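Thanks for coming. Please have the model open while I talk.

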Amino acid sequence: MWRAGEEKIKEAVPYLIKLVEKGDGLQRYAALWALGKSGDPAAIPVLRSYADNSSRPLNIRMLAANGLLLLLPTEERAAHVRSYLQRLPEIFQQAVAKGSTEELLTLLQQRVITQQEQSYPLLEDLYIVAFEHSAVRIAIGNFLMHLPFRPSWFQHIRHIFKQAELRGDQGIVAILAARFEREAPMFKNPGTSIDYNDKPFVPNTYIPELKESVQADKELKRPTSKVAFSDRTRNYLHYRVFRNLRQFGEQNDDHYVRLATALLLQYEESRDAAKEYQTREHTWVNGRYESFYRQFPANSKLVYLNYILRGNAANLQLTPDHKEWVFKDDGAPNAQGRTKLTSGSNPDAAKDKGGLLKKLFGWLGGEKNAPASAVPPEYKASPAQPVSDVPFLQLWQKLPQAFIQLLISARMEAIHIFAMEQLKAHPDYNTLKDKMDEGVIAGLLANAFSIPSMFGLELAKERYDPANPSLRLLYILVMSPLDLARLQGLQWISENEPVCFADMDFLMQLIFSPYKEVRGFARKQLKPAYLPLDKARILSAKAITSLLALKTSTPAGNENLNDGCNILEQHCREALTETGMPDIEALLQSPVAANQAFAARLLLLKQGAFNFSEVSDAMLKQLISNEFQPVRAAGVEVLEAMGVDELLKRPELVLYILLSTYTDVRNAVRPLISRLVQQDKRMAVYLVNELVPLLMRKETGEGMHADIEATLSNELVDYLQDIDTATALRLLYANYRSAQQFGLLVLDKYIPASALSVKQVIAAGNHELLKVREWSWHFYYNNVARIRFERDAAIGLLDAKWDDTRQEAMEFFRTQFTDNDWSPETLVAVADSVRPDIQAFGRELLLRFFREQDGQTYLLKLSQHPSESMQLFATNYLQQYAAGNLVFLQQLEHYFRVVLSRVNKARAAKERIFVFLEKEAMKSEEAAAYIGHIIAHISATVAIGDKARCIAIMRSIQERYAVELPIEIVPTAIRVS
């Protein structure tokens, strides 16, 4: 039955009608498919009965409905399509009536992707409507490029695939076939097995995407299946298209070329191209393993591409799983691959690809790497030899327009080489070339790949008539992505400037070209003689109309449009001043940012004829907050044009602009702020009160704090008197650097020294910001009398955590304080620091400013210091100020115990104290008892070395005084032999 449909055997239709209701569902499906393909109107009643019967499955109804499209007369077919159009939701009918592809795609995204309904005929109905509506056909094709092969969608994709095969819609078939080849399946289906009892058994298979195991064959049969597009389905559909493609060729059917062309158009260089490669494998030969290297061609996994381009190649074969092409080598083990481990062994690697391209560019009259200033010589035809590796070449030669379509629309270099070679090899190449009009040249030159665009350039050179230059041809050249084409176009335009610049449409295209050098050419070459006022008015009107028609633009597009508008302003300034306010307002409301910038500049051209006070705050905020920098720049210029008096009435607007999230706006408006505050001090006070607290909060835009601080420190620096000490200190210790710097400025300029305590100044000396620390140092030098008066607090600067602050403090006290400025308590307090450098400085001061009458005070204070160095330093004063004074010795008891109790430390200090105490113990019995008690306690706790010293002192004490000590002298036993 299926073959009867493929062969369009009308005599089989009566038998097919009888077979529709016989057999199972598969036979019914095949019979209906054959009836639709038969081309016999006698099948219409049967197909209509199935298409209109809602009790039939959706795939059966839609198969019959699509079969009717192939059989119904024109008027009835239109009514048939209209009936399906009326079944669509109202919003879809409106989009179809508009012919809006974009709107249809948006609706499909909402209704199909977002809602994810399990059962709906929307896609199938739309596909029938697409038979007579090109916008719907384009929308369906684009949508199918991205619709996921997943449950709730794949069932409908499969329906449309089968219907496209029936209708011979090779475009849709190719879109889906390329995805079958490119995309991985959702899961691997193990199928149904037979258990030990010869009963069917469906094994579980784990689905990573679902994170669960299912019985695939059973799950697939459920109406609400959670799985779809298994490896088996993918392989079947992929090979089905390959088989159909080959059958078309074998049947000498033109659909081979149509399907092959559609398939080739699905490939992209950046996504699909792959280099040749090799794999090392092993095989069992003559009782041992031998290794060999299988060589794979470039783009080996692109099954359709390699078959179409070189499927007849004798050294290529398709792997048994039909997934990849591999080179054959009969000399390898088991004839499976090559046996050399060298890249040169791969036939594709051995090809001189550069030489091939050079050959093609040689045809076209230019080297690939020709300098930008070169112009290719005239093209000379030299037909190439047919490529015998191409299957069914005779079919391609019957439809040579396919080669041109591939050159224009394909996105892969290998395809361009194929199309160029075959086009050149065509027997009627010269005739075909003569038929290539400017539309074909435009398509070729618009292609970003070298081969099509170079071929288009050569065709343009052949078509160009210097005596009567075609403006369309020149426009095509300067709009090409090929540098050489644009260069050639600009050269011809420069030779015909009066003609080219007399056409305002052509001139507008140059001005708004996406290429900088073309716009630069127009900017430089345009002269007042080419644009008198009447023509400038026409050009301006056309440009504004075209700009208003734009609904969207990319960032790069905005830059190009803005540059074009600048050219227009440069050469049509007088005409643009006549632009009406409705047009300016429309441009301001345009979704294209470049239009808004242009509108703002048009407004500025009306200075003197327009009252800028009428510009609303909302409009200014819209301009200032635009992402596109030229819009913001124009917004600042509008502010300038409004004048100081008007802006003084809008302090909230001025503050909003100062707090813009864009640095360029904040900086650009600062000169304006300076003029405003000079005119009215109240504006300055308002801005200061609003800006200062913001420095202590998290910034809302990058660099916001720095710009606020710069404005306060420059334009508003003379208006900071109202900031109090507490606020200044809060700024100084805020979390943000800009706030700290501004707080320092306020302290330095507006906070008197009397308002700050010495402790606050010392805290500044510990600040992480060097400038703040320097301020604290200068404060000391600028207020020496106060520092001397508050010396006990002021020495706190010596204990700062920063080395530089401590150094500056030591230098200050070393140079600014005299003998009369120090007290014993202050000197000892300095020496009492825990920092070694300050302890050393304290000792320096003690030696420098020491007074005999305060010796015991110094000694007592120093003895209380915990550091070893200071304890050692204190021993210098023991003999002079503590000797013979038992009462004072008793005050030093803690000092003696601490030093003597140190283990393996302070040896010098210990020895001095032991010597001192031993001498003092010999002076009186009271002193001996007091010191003996200390030594006895120490002897029980120290190391053995110090223990011996303690015992020696206690023995000396007992020998002189009857003091009870914990030692007993045992005479040495004398042994007589």
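A disulfide is a covalent bond between the sulfur atoms of two cysteines. Here a disulfide is counted when a pair of cysteine sulfur atoms lies within 2.5 Å, and by this rule the count comes to zero.

Before going on, a note on the source: this is a predicted model, where local features need pLDDT of at least 70 and side-chain atom pairs count only at pLDDT 80 or more, while totals for chains, interfaces and linings use all residues. Residues are numbered from 1 along each chain as its sequence is written, and side-chain values use heavy atoms, with hydrogens and water left out.

Back to Cys500. It is buried, at 0% relative accessibility; buried means under 20% relative accessible area, exposed over 50%, and partly exposed in between, with a 1.4 Å probe and protein chains only. Cys950 is also buried, with a relative accessible area of 0%.

Next, the cores. A nonpolar core is a set of buried Ala, Val, Leu, Ile, Met, Phe, Trp, Tyr and Cys residues joined through side-chain atoms within 4.5 Å. The largest one has 265 residues, and those with the most contacts inside it are Tyr256, Trp396, Tyr780 and Phe813. A second, separate core has 29 residues, among them Val899 and Tyr930. Leaving out residues up to four places away in sequence, Phe813 touches several residues, including Tyr780, Trp822 and Phe841; contact means heavy atoms within 4.5 Å.

Now the rings. Rings of Phe, Tyr and Trp (its six-membered ring) pair if their centres lie within 6.5 Å; planes under 30 degrees apart are stacked, over 60 edge-to-face, and the rest tilted. The whole structure has 29 aromatic pairs. Phe180 and Phe229 make a tilted pair, 6.2 Å centre to centre with 35 degrees between the planes. Both Phe180 and Phe229 are buried. Tyr256 and Trp396 pair edge-to-face, at 6.4 Å and 85 degrees. Tyr256 is in helix α15 and Trp396 in helix α20, 140 residues apart; helices (H or I, at least four residues) and strands (E, at least two) are DSSP runs, numbered from the N terminus. Tyr780 and Phe813 come up again in a cluster linked by ring pairs, which also includes Trp822.
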